[in-house]
Every structure is written in structure tokens, then in C-alpha cells.
Amino acid sequence: QALKLPAGQKVFVSDTGEITWNTEKPGAAYLAVNTLNAKLFTGFPEGRTIDWGGVKLSVGRTRLNWATVSLVSRLASGFGEKGVPASILLTATGDSGNSGRVVKLLDGKRLTLTDRGGAPVLAEGIPATVTLPSDPAKTTCFALDPHGDRKQPLPVEKAEGGCRMVIGPQYQTVWYEIEVKE
């Protein structure tokens, strides 16, 4: 038997509260995951700030107006709450594909790929602001290269309730490492 959803419902939350499907803005839905050691946003940001209770995400304008951003606590120690050390992998992706690919708009809403192109793969740098509940003096953030090595530090600023980092295309990466020390 098919599950009937309440008419007009726009936000759906799992029974654990960890998964949210938000369709409040027509044509601009998003899926968010909020667990103790993983945060995920995928969909159309539309200027919204996702608040996971201490961890916040605001995604700027992207090429196709959507993005996927994830934060994973590599030590399963959270995101710097209450001074607990953390090692966090931040990944931010949007439009990506082979060089020379040709994308054609079909009917104003659908796209098709008429030429797959070839190497190298190009990935859009996602402009976003991430806020953590950690002390900015104990938090560092680095843009990572394709091997996972640190290539460039990012500024970590004081923010209400913790610290803030701003990522973007200027760092030429989709991966960042955030470290919170004791």
C-alpha cells in the first residue's frame, strides 16, 4: 500500500531527525543530513542558510544554482563542540565534467550532453561559508590538492558561537581539511 503524504506538506523529516527533504521553494528543493559526525547538503541553496545546530552552511551563487557540500568528522569526534579536537573533511562540488564537453538545453528545463569531451575533468569551485562551534584560535583550514595534501591555508575568522571559513573557486579545489586542536 502506498504511503499517503499530507497535502501541502513541504518539509519532510526522517523519524530520527537526521534527514530533511525541503521542497518549500518550488523548483529549488534540497536534501540535508545532520548526524553527530556527518553533515550534508545537496540541492538548490537559493540564499538559504542550513543550520545544523552549531554547524552552519551558506552556499553562494553557482553555475547551475545547485551544489553538494559535505562535512565529515574523520575522528568521529564531532565538529569542535566544547573544545573537543576534530579533523574534518569538507567537500564542495557543483558542475563538473570533461574539458570540451557540450551541454545543450532541450526545453528550458532539461539538458543533454551532445559531446562528452575528454580529459582533464574540470570542477566548479563552490563559494560557501561554513561556521563551526569551535574556537577560531584553535581552528585551522587548508585547501587540499588532489592527493589530499595541504596546499594553502584559509583564513579562519571569529563568528557568533564559534568560527567561520569562506571557501571558493580561488582555492582551485573541491576538498578542504579543517583541524580543531585542544
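Modeller: Here is a quick chat about the overall fold, one hairpin and the aromatic pairs.

Colleague: How many helices and strands are in the protein?
Modeller: This is a predicted model, and it has 0 helices and 18 strands.

Colleague: Okay, and what size of box do the C-alpha atoms fill?
Modeller: Roughly 55 × 45 × 25 Å, along the principal axes. Of the 182 residues, 35% are buried.

Colleague: Let's look at β10 and β11. Do they run parallel or antiparallel?
Modeller: Antiparallel, with 4 bridges joining β10 (residues 102-105) to β11 (residues 111-115). L105 sits opposite L111 in β11.

Colleague: And what's between those two strands?
Modeller: There are 5 residues between them, and the two strands form a hairpin. G108, in the turn, has a positive phi of about 90°.

Colleague: Switching topic: how many aromatic pairs does the structure hold?
Modeller: It holds 2. In one of them, the ring centres of Y30 and F41 are 5.3 Å apart and the planes are at 35°, so that pair counts as tilted.

Colleague: Where in the strands do Y30 and F41 lie?
Modeller: Y30 is in β3 (residues 30-34) and F41 is in β4 (residues 38-43), so the pair ties together parts 11 residues apart in sequence. Both Y30 and F41 are buried.

Colleague: What about Y171 and Y176?
Modeller: Y171 and Y176 make an edge-to-face pair, 6.3 Å centre to centre with 85° between the planes.

Colleague: Is Y171 buried or exposed?
Modeller: Y171 is at 9% relative accessibility, so it counts as buried. Y176 is buried too, at 1%.

Terms used
Residues are numbered from 1 along each chain as its sequence is written. This is a predicted model: local features need pLDDT of at least 70, side-chain atom pairs count only at pLDDT 80 or more; totals for chains, interfaces and linings use all residues. Side-chain values use heavy atoms; hydrogens and water are left out. Buried means under 20% relative accessible area, exposed over 50%, partly exposed in between (1.4 Å probe, protein chains only). Two strands pair if DSSP finds at least two bridges between them. Rings of Phe, Tyr and Trp (its six-membered ring) pair if their centres lie within 6.5 Å; planes under 30 degrees apart count as stacked, over 60 as edge-to-face and the rest as tilted.
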